[in-house]
Amino acid sequence: MIQRLTARYYSLLILLSLLVLFVLFVLHVAVGSVAISPATVIAALFNQPVEPFQHIIIWDLRLPRALIALLVGAMFGLAGAILQVIMRNPLAEPEMTGATSGAVLFAVLWLALAPAQTAQPGPVLPFVALIGGLVGGALVYLLSWQGQHDPVLLVLTGVLISAVLRSAISIILLLRQEVIGTVLLWLIGSLNGLVWTQLDVLWPWALIALSLGLTCASLANVLQLGEENATSLGLNVPLTRLGLFFVAALLTASAVAIVGGITFLGLLAPHLARRAVGADARRLFPFSMLVGAGILLAADTLTQAISQPVSIPVGAALALLGVPFFLYLVWRRKP
Amino acid sequence: MNQHANDQPAHKTALAAQSLSVGYGERLVIPALSLEITMGAITALVGPNGSGKSTVLKTLARLIAPRAGVVYLDGKAISSLPTREVARQLAILPQGPTAPEELTVGELVEQGRYPHAGPLRMLREQDQAAIRQALAQANMLELRERRLDSLSGGERQRAWIALALAQSTPILLLDEPTTFLDVGHQLEVLTLIQQLNRRQGKTIVLVLHDLNQAARFAERIIALRDGRIVADGAPRDVLTADLLAEVFQVKAAIINHPVDGLPVCLPYESNA
């Protein structure tokens, strides 16, 4: 009886979240330098006739940005949830894979060393960043290997490698200051100016990495009981950990490659999701995606609404709002 | 209580260790240890802190790879068997296990079906039945929907035992399953383990701190010191004043329990 109720609670929650997500999505498309009514947005999205200029604004400018926010938010959310399982640490976040700083470093290197590219980041940049992210992830994973993997060592290595890579980024930027203008928004994490070109690069990776992550949920459930229990249950712990780490690094690298280093989202989304649906990864993973997508859509809508005509990058706003909110969550936990 | 009649005339061996040598880093914990665990029996490993009891148990369960020597599960080298196949034969509950506190008892115990799961990892009818049975045996059915962070120490321990039971293995290894429990809950857990042995014929190996409980619930006690077996046999033969002096460095009187005549040791002075 109780069990059936919890299952119903969960389905209700998912339904409600999807509804909220749809509302946030429509609002995101509606808000901008030219305000469009939500009704018009819905009409345009369902290909009903609207004013031609509104159609262009919605379909060519705002829809891709909203879709990217949706995907990237889900990716950061899932990457964070996966890492918190691997590292058995509720404070783990995607940056600890080394994928964020790896992606940024490679992109900065690319812009600094290939002068022809400096004028326009172009479509090659995301791929360079993606490779950089995966290299960063591999570096963290290999350096934390000591015959076996200790989650604590993985966290420490992730933090250290990220710090080293970030200082490398700073040095390159100091030496090649003309690059700063191009990558500044991207260093902070921003959805500004993203169109279908970027979405086309993002969605295949998002699709692959998100589905890989969701399929691993039941393995993650066994892994989060700890190394000894998981082994006792017949799980190949090193292989599962490597697989999940790879998925998290892939999610982070491909998201960062498009929007830059958005922080706190990967920490906040799984945290909120865990409060709502508990720690069972089969619920936590999809819900972290929903929450991540919702937060990023809401944050980007908000920053766009209050920061016209100068648009604040959403990464800065998230860090600004995310830190006090997270502190509040931590404080509230104390008795 | 411990005169448990074994129906099988020829004692089959469930687990065997042959010249095991185990260490952590530079430190050699077990120099060379051989033992056989009889099928369908309750065996208790006792010994002072650092004697290697837990290490032996973990090595028997392939959680630690030995430097030398072989562990045989049902006659086959355990390191050569697929880990999931081992998990269908043998479950181990390590000491002080931790899981995310937001997990419910039901969600925890469900993981016990992992080694039996089909390709889609969906729980089938028999899995649900095994989970229900494990929860019922551990007296946790009513707490199924409760989160781990809302449980008392005793309930928590029973939840973990239920996880091991849901694994439905003929062999069960438990590392100090009674730590952090008051005496009432200790007896409850040990009685549950005894019932599993008697009713389902499970082979059980326990690491226990309390010698009197070992004498009460196990039919065989193996005493370890510095990674070596010092004594091995029926509780009455193992629990002697000489052995306690040798293994635990204590002077002790051994008396018979006034109610059921089982050996009880009463240490009174440290020799250390």
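This is a predicted model: local features need pLDDT of at least 70, side-chain atom pairs count only at pLDDT 80 or more; totals for chains, interfaces and linings use all residues.
Residues are numbered from 1 along each chain as its sequence is written, and chains are lettered from A and ligands numbered from 1 in the order in which they are written.

Helices (H or I, at least four residues) and strands (E, at least two) are DSSP runs numbered from the N terminus. The expected span in the table is 1.5 Å times one less than the number of residues in the helix.

| Helix | Residues | Length | First to last C-alpha | Expected span |
|---|---|---|---|---|
| α6(B) | 183-200 | 18 residues | 25 Å | 26 Å |
| α4(B) | 125-137 | 13 residues | 18 Å | 18 Å |

A residue counts as buried if 20 or more other C-beta atoms lie within 10 Å of its own, as exposed if 12 or fewer do, and as partly exposed in between, with C-beta atoms placed from the backbone. By this criterion the buried residues of α6(B) are B:Val189, B:Leu190, B:Ile193, B:Leu196 and B:Asn197. They cover an arc of only 105° around the axis, which puts them on the same side of α6(B); the arc is that of the directions from the helix axis to the C-beta atoms. The other side of α6(B) carries exposed residues, among them B:Thr191, B:Gln195 and B:Arg198. The buried residues of α6(B) pack against β3 (42-46), α5 (153-166), β7 (171-175), β8 (203-207) and α7 (211-217) of chain B, where contact requires C-beta atoms, placed from the backbone, within 7 Å. Just after α6(B), B:Gly201 has a positive phi of about 65°.

In α4(B), B:Ala130, B:Ile131, B:Ala134 and B:Leu135 are buried. Seen down the axis of α4(B), these buried residues fall within an arc of 130°, so they line one face of the helix. The face turned away from them carries the exposed residues B:Glu125, B:Gln126, B:Gln128 and B:Ala129. The cover over the buried residues of α4(B) includes α3 (105-110) and α5 of chain B. B:Asn139, which follows α4(B), has a positive phi near 60°.

**An open sheet in chain B**

Four strands of chain B form an open antiparallel sheet in the order β2-β1-β4-β5, two strands being paired if DSSP finds at least two bridges between them. β2 (27-38) and β5 stand at the edges with a single partner strand each, so one side of each is left without a neighbour in the sheet. Five bridges join β1 (residues 13-24) to β4 (residues 68-73) of chain B, and B:Gln18 stands opposite B:Val70 in β4(B). B:Leu73 is the bridge partner of B:Leu15, and B:Leu73 also has B:Lys76 in β5(B) as a bridge partner. β4(B) and β5(B) form a hairpin with two residues between them, and B:Asp74 in the turn has a positive phi of about 55°.

**Chain contact and core**

In the contact between the chains, 21 residues of chain A meet 24 residues of chain B. On the side of chain A that touches chain B, α10(A) gives the most, with four residues.

The largest nonpolar core has 194 residues, of which A:Met75, A:Ile82, A:Ala107 and B:Ala162 touch the most other members. Such a core is a set of buried Ala, Val, Leu, Ile, Met, Phe, Trp, Tyr and Cys residues joined through C-beta atoms within 7 Å.

Note on methods:
Two residues are in contact if their C-beta atoms, placed from the backbone, lie within 7 Å.
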